[in-house]
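Visitor: Please show me the entry, and then take me through it residue by residue.

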Amino acid sequence: MSPRRRVWCRGCRRELTDPISRMRGWGEECDPDPRRRSPRFTVDQDAIPGL
Ligand SMILES: [Zn+2]
């Protein structure tokens with residue numbers, strides 16, 4: 001009855017429910033292209049030494 005095609009993750013074969021995952025064909029956890037910055041994304045700010 002669902003008008004939508006069912007889509008499964010190419011990685012883990014789980015059914016994808018969210019639109020972005022379905023569009024990409026990858027589940028969020030398997031997506032080779034990370035969509036959001038990792039929480040570890042903490043680059044050292046270049047502390048400009050006070051001149
Ligand atoms: Zn997956």
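Guide: Start with G27, a residue in the segment after α1. Helices (H or I, at least four residues) and strands (E, at least two) are DSSP runs, numbered from the N terminus. This is a predicted model, in which local features need pLDDT of at least 70 and side-chain atom pairs count only at pLDDT 80 or more, while totals for chains, interfaces and linings use all residues. Residues are numbered from 1 along each chain as its sequence is written.

Visitor: Is G27 buried or exposed?

Guide: A residue is buried if 20 or more other C-beta atoms, placed from the backbone, lie within 10 Å of its own, exposed if 12 or fewer, and partly exposed in between. G27 has 21 other C-beta atoms within 10 Å, so G27 is buried.

Visitor: Which residues is G27 in contact with, leaving aside its neighbours within four places in sequence?

Guide: Two residues are in contact if their C-beta atoms, placed from the backbone, lie within 7 Å. With neighbours within four places in sequence left out, the contacts of G27 are C9, G11, C12, R14, L16 and S21.

Visitor: What separates the C-alpha atoms of G27 and L16?

Guide: L16 is one of the contacts of G27. The two are eleven residues apart along the chain, and their C-alpha atoms are separated by 6.2 Å.

Visitor: How many C-beta atoms lie within 10 Å of G25?

Guide: G25 also lies in the segment after α1. Not counting residues up to four places away in sequence, G25 touches V7 and R10. G25 is classed as partly exposed because the number of other C-beta atoms within 10 Å is 14.

Visitor: How far apart in space are D31 and G11, C-alpha to C-alpha?

Guide: D31 is in the segment after α1 and is partly exposed, with 16 other C-beta atoms within 10 Å. Beyond four places in sequence, D31 is in contact with R24 and W26. D31 and G11 are 20 residues apart in sequence, and their C-alpha distance is 8.0 Å.

Visitor: What percentage of the residues in the protein chain is buried?

Guide: The protein chain has one helix and zero strands. G27 is buried. Of the 51 residues in the chain, the buried share is 8%.
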